Amino acid sequence: MKEIKNNIYYCGLNDSERPLFDELIPLEHGTTYNSYLIKGSEKTAIVDTMYPPKIEEYIENLKANNIIKVDYIIANHGEQDHSGAIPKLLELFPEATVITNAICKNNLMSMLFIPEEKIQVVKTNDEILLGDKTLRFITAPGVHWPDTMFTYAVEDNVIFTCDFLGAHKTFDNPFADESEDLISSAKRYYAEIMMPFRNFCHKYTKMIKEMNVDMICPSHGPIYKNPEFILNLYEDWSSEEAKNLVVIPYVSMYGSTLELVNYLEKKLTENKINAKKFDIVNGDLGEYAMNLVDAKTIIIGASMVVMGPHPNAYSAAYLTSVLNPKAKYLSVVGSYGWGGKLVEKLTEPFANSKIEILEPVLVKGRAKEDDFINLDNLVKTIIEKHKG
Ligand code: FEO
């Protein structure tokens, strides 16, 4: 445990072994499950707890630090990487009350069988007193579950934002080093966990900026003693402003689609548009997701399998639509043997999106002269769309 401010202690754990988060995004630098212990003059609270495989280590750590009384267990969010240790804590501290909002209460009861009588429901601006410390609650649905809330330590001007403003990065020193590595970890985290809720991210970034807090304590990754650092990044990432970037996720079985992708990447780059291709079969989906944070245009490159896109291309299209990037334009390029619904299938996940579909380029077998003219026309359209 480490005191991070005036009787507020970090009591979370590193997890450098976990390869994937949500069985989806590779964890380059591991992650942490942050838990905080707040000692008031009369009462003690724990804000967020622990991921199930780490519960034993977490409890041992609390015992080793002589934590013998906990009055409140605050669940800012029901997902088990933070609420997983609540049942064990209630065994250890049977007098403790679980504090959470109404939506999270239902999640805790259904996912962890926490008895209803152990839970006290709070709403925005409700407070609990620990003696010389006041904890105020702010429900924040949408960043990233409907049950998310923030806890604000009033006298210390510290906010506990749960998953919001987090990063997948282990540490020895819990305070953010503001390095490029941290920016990259926070962006990878934002891309998967928060980007689907971009508008809510924008709203709560603004709200926390206006609160002028001294410290931001998220539930993954380091603590921000300089809140502007992470808030400015979120302000940019969650804004409507896309950058001059085209991302090209692709799968190519015999190289014909890759030839189209390489041609597009080269022509766009020659025209001063950043273009990055991503191998979606063997590549790092996290790297792709991070680039989606900024991209203005997405071009999906796919081979046909039987009568539709290669399944990995369909999966990439679906993932892209779920991540809800700010990109304004989408196109498809690909190669086929005898036809099928390549474009229809790959644009289907975007049916309810405002993204504009640019003329696709489909090629029978290898690209021929006319096909390169069609690719040139797609490049010209993108140059026009990216102007300004
Ligand atoms: Fe880190 Fe939504 O749990």
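This report describes the nonpolar cores and selected helix packing of a predicted model.

## Nonpolar cores

The largest nonpolar core holds 59 residues. Within this core, the members that touch the most others are Phe-150, Phe-164, Ile-208, Ile-216, Ile-230, Tyr-234 and Ile-298. Helix α5, spanning residues 180-194, supplies the largest share of this core, with 7 residues.

Phe-164 illustrates the contacts in detail. Leaving aside residues up to four places away in sequence, Phe-164 touches Val-143, Phe-150, Tyr-189, Met-194, Cys-201, Tyr-204, Thr-205, Ile-208, Pro-218 and Tyr-234.

## Surroundings of helix α7

Helix α7 covers residues 227-237, and its buried residues are Pro-227, Phe-229, Ile-230, Leu-231, Leu-233, Tyr-234 and Trp-237. These buried residues pack against α5, against α6 (198-211) and against β16 (215-218). Two of the buried residues, Ile-230 and Tyr-234, also belong to the group that touches the most other members of the largest core.

## Packing of helices α9 and α10

Two packed helices are described by the angle and the distance between their axes. The axes of α9 (residues 285-292) and α10 (residues 311-323) cross at roughly 45° and come within 11 Å. Because of this angle, α9 is oblique to α10. The crossing of the two helices is right-handed.

On the α9 side, the contact is formed by Leu-285, Tyr-288, Ala-289 and Leu-292, while α10 contributes Leu-319, Thr-320 and Leu-323. Of the residues in this contact, 6 are nonpolar, 1 is polar and none is charged.

Technical notes: Residues are numbered from 1 along each chain as its sequence is written. This is a predicted model: local features need pLDDT of at least 70, side-chain atom pairs count only at pLDDT 80 or more; totals for chains, interfaces and linings use all residues. Side-chain values use heavy atoms; hydrogens and water are left out. A nonpolar core is a set of buried Ala, Val, Leu, Ile, Met, Phe, Trp, Tyr and Cys residues joined through side-chain atoms within 4.5 Å. Buried means under 20% relative accessible area, exposed over 50%, partly exposed in between (1.4 Å probe, protein chains only). Helices (H or I, at least four residues) and strands (E, at least two) are DSSP runs, numbered from the N terminus. Contact means heavy atoms within 4.5 Å. Axes are lines fitted to C-alpha atoms, for helices over the stretch in contact, and angles run from 0 to 180 degrees between N-to-C directions. Angles under 35 degrees count as roughly parallel, over 145 as roughly antiparallel, 65 to 115 as roughly perpendicular and the rest as oblique. A crossing is left-handed if the near helix is turned anticlockwise from the far one by less than a right angle, and right-handed if clockwise. Ala, Val, Leu, Ile, Met, Phe, Trp, Tyr, Cys and Pro count as nonpolar, Asp, Glu, Lys and Arg as charged, and the others, Gly among them, as polar.
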